[in-house]
Amino acid sequence: MQGMSERQYAAHVGLSRGAIQKAKTAERLVLYPDGSINAAASDARRAETTDPSKTRKPPAPKLKPVPEAAVAAVGDTLREQGLAVPAVGGGTTFLQAKTANEVLKAQERRIRLQKLKGELIERARALALVFRLAREERDTWVNWPARAAALMAAELSAASSDATGQQITVEPAAMQKVLEKHVRAHLDELAEVRPDFR
């Protein structure tokens, strides 16, 4: 066999075997006496006889667009490690992306190891613990005026007297109302504090 088979020529030009058989029937291919296809001569004849407007262009390779967040993450990782960061809009090289990937893998392994050692806890667990402690603290403060008002009223009554020398009595209920007002104002101030757990 001197030339290519239909299958080989189809692979050579990027067409189906059926398209090659049609071109062979239409005598658009140059054949050797044994029926095999002369690739170079057939390419030239096909180029002469094919209307360029009817040729299918090979599809452009489809590249997935890289999200800006991913490019920014590569830059952040490189910056954290003191490495060269790509210019804004300049794109990231493969080497920079690979370096950032390796750095992130190492960081992930370090975090996993710290977690296994018990040095780290999950964020949700930490937030739940802080929330529970804050709620217990709030409840303690809310109940404190009722417990302390009678004692404070008795101490203030015993220690105070007016100009005539008569002792002034402080009502526990009035003392409790004043204390509750101040405690609630303080708790409202604390409620506005929003810790950042990043």
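Tutor: Start with one term: contact means heavy atoms within 4.5 Å. Note also that this is a predicted model.

Student: Which residues is Leu 29 in contact with, leaving aside its neighbours within four places in sequence?

Tutor: By that cut-off, the partners of Leu 29 are Tyr 9, Ile 20, Ala 23, Lys 24, Ile 37, Ser 42, Arg 45 and Arg 46.

Student: What makes a set of residues a nonpolar core, and which residues form the largest one?

Tutor: The members must be buried residues such as Ala, Leu, Ile or Tyr, joined through side-chain atoms within 4.5 Å. The largest such core has seven residues: Tyr 9, Ala 10, Ile 20, Ala 23, Leu 29, Ile 37 and Ala 39. Helices α1 (6-13) and α2 (17-25) each give two or more residues to this core.

Student: How many helices and strands does the chain have?

Tutor: The chain has seven helices and zero strands.

Student: How does the span of α7 compare with the expected one?

Tutor: Helix α7, residues 172-191, has 20 residues. From its first C-alpha to its last it reaches 28 Å, close to the 28 Å expected at 1.5 Å a residue.

Student: Why are the buried residues of α7 said to line one face?

Tutor: Buried means under 20% relative accessible area, and in α7 Met 175, Leu 179, Val 183 and Leu 187 are buried. Seen down the axis of α7, the buried residues fall within an arc of 95 degrees, so they line one face of the helix.

Student: Which exposed residues does the face of α7 turned away from the buried side carry?

Tutor: Exposed means over 50%; that face carries the exposed residues Ala 173, Lys 177, Lys 181, Asp 188 and Glu 189.

How values were computed
Residues are numbered from 1 along each chain as its sequence is written. This is a predicted model: local features need pLDDT of at least 70, side-chain atom pairs count only at pLDDT 80 or more; totals for chains, interfaces and linings use all residues. Side-chain values use heavy atoms; hydrogens and water are left out. Helices (H or I, at least four residues) and strands (E, at least two) are DSSP runs, numbered from the N terminus. The expected span of a helix is 1.5 Å times one less than its number of residues. Buried means under 20% relative accessible area, exposed over 50%, partly exposed in between (1.4 Å probe, protein chains only). The arc is that of the directions from the helix axis to the C-beta atoms.
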